[in-house]
Amino acid sequence: MSIQCKPVSNALTTPRTHTLRFVPRNTANEQNLAADIHRNQPNFSPEAVETILQAEDEAILERLLNGEQVTKHGSFSWYITFTGKLENADDPTPPLEECLHIDVRISQNFLERLRQAAHIERLPVTEKLPVITAAEDTVLDLRDVLRSDGMLLITGHDLAFDRQDPASHCLIEGTRSGSAVQSRVGTVTNTEIVLMPDVPSQDDPWNNEYRLSVTTHYTEHGTPRTGIYKRLLRTPLTVSLTGGGGPPINIGILTGNAAAPYVSVTGGSVTADETLRIQAVLDVRQDLLLFNLLNMHKDGQTGAAVTVSADGDQTLQGFSGSAVSSLTVRVNDYAALKELIRNSYGGRLVDVLEVKQA
């Protein structure tokens, strides 16, 4: 058994100090107390003990109403107190609901028993922060996709902010460059924010990786608190292909904030414009990557996976019914790509590709 507490900052002191605040594990009621007493005194049933505990309250109240102080030897004393002041000794008594109170005094013996048996568990210092648990494009119904013509649903807790407060906002910033405070915000509550994204441009078209954060004031004079989404958002990339499989208008894909793309689309076969996804998955057991094409549904059709273990060209096959029958990609920096997928994307990196027939 231990008593939990945590340091809490006292902003009214200069320099700032901290106090210890008790953190209750739960709240015990009379049923819990009755069960505890029954465990130590099994001759008394929990129901009988609970009845006695409730009767004790009535007995104490009756004694207090009789103008007595009530003392349980070795633990607590209950006594009447008054608040407020009288300008003159013969002024009428203030209303009892304003001046009459009950105080409870703890005996020194009981306090010493508590201190001698107590074990303290200090919890780490934490601050109330906005917590973003998910971000989803509601048009495509896909998580972590960011589109300027889409609707972004942000969910979590403690997210609400005052749009009239210049220090409170939702921010989208590129991992290489560019940032934008979101202005087209619809719903703002503690558990969700809905907005039409303002997506800042970055230095190169393959830099389509963005961070999302929410900053808010919880009190009028409090410090602004910022919560950062742990996952990264990615915008769709446009790839233009000729119908006969000629070279595309070159654009990098599957890259972070690098100045050169880790992967580039170099060719493919397409019969009509189509939006699809390309994913790269880290196979930890074999320490290599698996590439394949996906349709736009969470559990939809997929193309065959291709094993990638070094720089070079790879051809990915489309899936049934797709206007893109194949897509050729060139891995330019396999080591950097694998590190990005492992460290920043939890083993799976996906880009949305808007494939155009040139």
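A salt bridge requires a side-chain nitrogen of Lys or Arg within 4 Å of a carboxyl oxygen of Asp or Glu. The model examined here is predicted.

Q: Why is the pair of Glu121 and Arg25 called a salt bridge?
A: The N to O distance between their side chains is 3.1 Å. The cut-off is within 4 Å, so the pair qualifies.

Q: What parts does this pair tie together?
A: Glu121 sits in strand β6 (residues 120-122), while Arg25 is in the loop between β2 (17-22) and α1 (30-40). The pair therefore links parts 96 residues apart in sequence.

Q: Why does Glu121 count as partly exposed?
A: Its relative accessibility is 31%. Buried means under 20% and exposed over 50%, so a value in between is partly exposed.

Q: What makes Arg330 and Asp313 a salt bridge?
A: Their closest N and O atoms are 2.8 Å apart. That meets the cut-off of within 4 Å, so the label holds. Arg330 lies in strand β24 and Asp313 in strand β23 (residues 312-317), so parts 17 residues apart in sequence are tied together.

Q: Are Arg330 and Asp313 buried, exposed or partly exposed?
A: Arg330 has 39% relative accessibility, so it counts as partly exposed. Asp313 has a relative accessible area of 44% and is partly exposed.

Q: Which residues do salt bridges that share partners join into one network?
A: Glu136, Asp141 and Lys298. The structure holds 18 salt bridges.

Terms used: Residues are numbered from 1 along each chain as its sequence is written. This is a predicted model: local features need pLDDT of at least 70, side-chain atom pairs count only at pLDDT 80 or more; totals for chains, interfaces and linings use all residues. Side-chain values use heavy atoms; hydrogens and water are left out. Helices (H or I, at least four residues) and strands (E, at least two) are DSSP runs, numbered from the N terminus. Buried means under 20% relative accessible area, exposed over 50%, partly exposed in between (1.4 Å probe, protein chains only).
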